[in-house]
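Reader: Hi! Could you walk me through this one while I have it up on my screen?
Author: Happy to, ask away.
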Amino acid sequence: FKENLESRDPRSVPRWLELDKDNLRGKVVEIPEEIELEIPVNVQYIIEYYSM
């Protein structure tokens, strides 16, 4: 995991995440907008799944 972090381009981290490579920590600094997500997500499916 540490090798993966070290080779990661800092520009590839979304602006809504904060990455601390030295302490192997990540932090969500704000809730991403749906259009900012890199993976296509159907939010309605997630809501329906957790509503059951």
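Reader: Let's start with Tyr-50: is it buried or exposed?
Author: Tyr-50 is exposed, with a relative accessible area of 67%. Here buried means under 20% relative accessible area, exposed over 50%, and partly exposed in between, with a 1.4 Å probe and protein chains only. One caution before we go on: this is a predicted model, where local features need pLDDT of at least 70, side-chain atom pairs count only at pLDDT 80 or more, and totals for chains, interfaces and linings use all residues. Residues are numbered from 1 along each chain as its sequence is written, and side-chain values use heavy atoms, leaving out hydrogens and water.

Reader: Thanks! How many aromatic pairs are there in the whole structure?
Author: A search finds one. Tyr-49 and Tyr-50 make up that aromatic pair, edge-to-face, at 5.0 Å centre to centre and 90 degrees between the planes. Rings of Phe, Tyr and Trp (its six-membered ring) pair if their centres lie within 6.5 Å; planes under 30 degrees apart count as stacked, over 60 as edge-to-face and the rest as tilted.

Reader: And Tyr-49, is that exposed or buried?
Author: Tyr-49 is exposed, at 57% relative accessible area.

Reader: Which residues form the nonpolar patch on the surface?
Author: Ile-39, Val-41, Val-43, Ile-46, Ile-47, Tyr-49 and Tyr-50, with about 740 Å² of accessible area together. Patch residues have over 30% relative accessible area and no salt bridge; like charges are joined within 9 Å, nonpolar side chains (Val, Leu, Ile, Met, Phe, Trp, Tyr) within 5 Å. The areas come from the Shrake-Rupley method with a 1.4 Å probe, and for residues only the protein chains shown count as cover.

Reader: Where is Ile-39 found?
Author: In the loop between β2 (25–28) and α2 (43–51). Ile-39 counts as exposed because its relative accessibility is 63%.

Reader: Switching topic: in what order do the elements run?
Author: From the N terminus on, α-β-β-α. Helices (H or I, at least four residues) and strands (E, at least two) are DSSP runs, numbered from the N terminus.

Reader: How much of the chain is buried?
Author: Buried residues make up 4% of the 52 residues.

Reader: Last one: which side chains meet in a salt bridge?
Author: Arg-15 and Glu-30, at 3.1 Å, N to O. That pair links distant parts of the chain, 15 residues apart: Arg-15 is in the loop between α1 (2–7) and β1 (17–20), Glu-30 in the loop between β2 and α2. A salt bridge is a side-chain nitrogen of Lys or Arg within 4 Å of a carboxyl oxygen of Asp or Glu.
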